[in-house]
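Here is a friendly briefing to read alongside the model. Take a moment with the sequence and the coordinates, then go through the topics below.

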Amino acid sequence: MDDNIALLVIVDAANVVGSVPDGWWRDRRGAAERLRDRLAADGLPGHPGPEEIVLVVEGAARGVEPVPGVRVEAASGSGDDRIVELVAGAVGRPCLVVTADRELRRRVTEHGADVTGPRSVRG
C-alpha cells in the first residue's frame, strides 16, 4: 500500500450513534453532529497516516453539514446501501468502515474494505 494514499474511513453514523444509550433518540441530528465534530477533532484514534473521513447519515440525521476534516453523505434511502456504494467506488484505495452491523460488515468486506467497531471512534 502506498503510504501517501489517504485511508478512506466511512462511518455508519446511525450505528455508531446508536451504540451508546445516551439519549441520542431524542435528537438524532444533534447526535450525528456531535459525532461529526468528534471525528473532525480526533480523526481515527491510533491511525498515524493520512485519512479522509466520510460520515454517512440517514433519516432524521439528514441535513448534517460537512465540516473541515469530515465529508457528510446523506443517504437518500438506506445508509447501508450508500456505504456499500462508497466502498465499491473506492477501487484500489484502502477503505475502513466503522460499524457493528453484521450484514453491512459482510457486504463491505466483499468489496475489499476492512471493518472496525464503533468503539474505534467513540473514544
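With which residue does R71 form a salt bridge? The partner of R71 is E73, and the closest N and O atoms of the pair are 3.2 Å apart; a salt bridge here is a side-chain nitrogen of Lys or Arg within 4 Å of a carboxyl oxygen of Asp or Glu. Please keep in mind that this is a predicted model, in which local features need pLDDT of at least 70 and side-chain atom pairs count only at pLDDT 80 or more, while totals for chains, interfaces and linings use all residues. Residues are numbered from 1 along each chain as its sequence is written, and side-chain values use heavy atoms, with hydrogens and water left out.

**Salt bridges**

- A search of the whole structure finds 10 salt bridges.
- R71 is partly exposed at 33% relative accessible area, whereas E73 is buried at 17%; buried means under 20%, exposed over 50%, and partly exposed in between, with a 1.4 Å probe and protein chains only.
- D81 pairs with R107, with 2.9 Å between the closest N and O atoms.
- Because D81 lies in helix α3 (residues 79–88) and R107 in helix α4, this pair ties together parts that are 26 residues apart in sequence; helices (H or I, at least four residues) and strands (E, at least two) are DSSP runs, numbered from the N terminus.
- Shared partners join the salt bridges of E52, R71, E73, R82, E85 and R93 into one network.
- D37 forms a salt bridge with R36, again with closest N and O atoms 2.9 Å apart; D37 is partly exposed at 39%, while R36 is buried at 10%.

**Nonpolar cores**

- The largest nonpolar core has 22 residues, and those with the most contacts inside it are V9, V11, L35, L39, L55, V57 and V121; such a core is a set of buried Ala, Val, Leu, Ile, Met, Phe, Trp, Tyr and Cys residues joined through side-chain atoms within 4.5 Å.
- Two or more residues of this core come from each of β1 (7–12), α1 (13–17), α2 (28–42), β2 (51–57), β3 (70–74) and β4.
- Helix α2 gives the largest share of this core, four residues.
- Another core, of 15 residues, lies apart from it and has L8, I10, V54 and I83 among its members.
- Beyond its neighbours within four places in sequence, V57 is in contact (heavy atoms within 4.5 Å) with A13, A32, R62, V72, E73, A74 and A75.

**Helix α3**

- The buried residues of α3 are G79, D80, I83, V84, L86 and V87.
- These residues fall within an arc of 160 degrees seen down the axis of α3, so they line one face of the helix; the arc is that of the directions from the helix axis to the C-beta atoms.
- Their cover includes β1, β2, β3, β4 and α4.
- S78 caps the N-terminal end of α3, with a side-chain oxygen 3.2 Å from the backbone nitrogen of D80.

**Around T99**

- T99 sits in the loop between β4 (95–98) and α4 (102–109), and T99 is buried, with a relative accessible area of 0%.
- The side chain of T99 makes a polar contact with the side chain of D12 at 2.9 Å; a polar contact is a pair of N or O atoms within 3.5 Å, where within protein one must be able to donate a hydrogen and the other to accept it, and residues adjacent in sequence count only if both atoms are side-chain atoms.
- Not counting residues up to four places away in sequence, T99 touches D12, N15, L104, R105, T116, G117 and P118.
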